[in-house]
Amino acid sequence: MNRLLAPSQSAYLRVVRASAWYDLVVTAGFATPWTYALVHDALSSWGGALGLGTLPELDPWQTLYANLMGSVVVVWAVLRVVRPVAAHGLFDGVARVLFATWQAYALAHGASRIVWLFFGVEVALGVVQLVPWVRGRQTDLVEDGRPLGATSR
């Protein structure tokens, strides 16, 4: 029977934590209007210099959505840094599939090709975090020695 099994090895938890640190470094600048303006200008400049395209002019709606995304991702990343557990890797892998899907959609509809840099990392980290769940070679223990889905009494 092929069931999803939670990886429990410390190597997997290091991947969960490393992906969280990546998110903190890359996304923290999106969390406030002031830092997002700096990130926006930097990304646009780099995209132009690399021939990948610039970002659209900054506007309040773009800033709002960047700040919402940045705030949520920063909080989620801090949780994974402070308490990396296998289930966090599963959920983060699923979130990365969603992010990559919407990044591909944006690229297909004319977004700056600088998105490809983020897309590549999302796909890579998503695969690294999801493959162990599907392969089923790990034990079904997550945290505190309880099987996946078990509740404490």
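Buried residues make up 33% of the 153 residues in the chain. The model is predicted. The chain holds five helices and zero strands. Along the sequence, the pattern reads α-α-α-α-α. Of the contacts with a separation of 6 or more, 73% join residues 24 or more positions apart.

**How α1 meets α3**

- Two packed helices are described by the angle between their axes and the distance between the axes.
- Helix α1 covers residues 10-27, and helix α3 covers residues 60-82.
- Their axes come within 8 Å and cross at roughly 150°.
- An angle over 145 degrees counts as roughly antiparallel, and α1 and α3 are therefore roughly antiparallel to each other.
- The crossing of α1 past α3 is left-handed.
- On the α1 side, the contact uses Val16, Arg17, Ser19, Ala20, Trp21, Asp23, Leu24 and Thr27.
- On the α3 side, the partners are Met69, Gly70, Val73, Val74, Ala77, Val78, Arg80, Val81 and Val82.
- By class, this contact of α1 with α3 has eleven nonpolar, three polar and three charged residues.

**How α3 meets α4**

- The axes of α3 and α4 come within 11 Å and cross at roughly 155°.
- That crossing angle makes α3 roughly antiparallel to α4.
- Here too the handedness is given: α3 passes α4 in a left-handed crossing.
- From α3, the residues in contact are Met69, Val73, Trp76, Leu79 and Arg80.
- They meet His88, Phe91, Asp92, Arg96 and Phe99 in α4.
- The contact of α3 with α4 divides into six nonpolar, one polar and three charged residues.
- Met69, Val73 and Arg80 of α3 take part in the contact with α1 and also in the contact with α4.

**Helix α4 itself**

- Helix α4 spans residues 86-108, which is 23 residues.
- From first C-alpha to last, α4 reaches 33 Å, close to the 33 Å expected at 1.5 Å a residue.
- The buried residues of α4 are Ala86, His88, Gly89, Asp92, Gly93, Arg96, Ala100, Gln103 and Leu107.
- An α-helix has 3.6 residues a turn, so residues three or four places apart point the same way.
- Just after α4, Gly110 takes a positive phi of about 95°.

Conventions: Residues are numbered from 1 along each chain as its sequence is written. This is a predicted model: local features need pLDDT of at least 70, side-chain atom pairs count only at pLDDT 80 or more; totals for chains, interfaces and linings use all residues. Side-chain values use heavy atoms; hydrogens and water are left out. Axes are lines fitted to C-alpha atoms, for helices over the stretch in contact, and angles run from 0 to 180 degrees between N-to-C directions. Helices (H or I, at least four residues) and strands (E, at least two) are DSSP runs, numbered from the N terminus. Angles under 35 degrees count as roughly parallel, over 145 as roughly antiparallel, 65 to 115 as roughly perpendicular and the rest as oblique. A crossing is left-handed if the near helix is turned anticlockwise from the far one by less than a right angle, and right-handed if clockwise. Contact means heavy atoms within 4.5 Å. Ala, Val, Leu, Ile, Met, Phe, Trp, Tyr, Cys and Pro count as nonpolar, Asp, Glu, Lys and Arg as charged, and the others, Gly among them, as polar. The expected span of a helix is 1.5 Å times one less than its number of residues. Buried means under 20% relative accessible area, exposed over 50%, partly exposed in between (1.4 Å probe, protein chains only).
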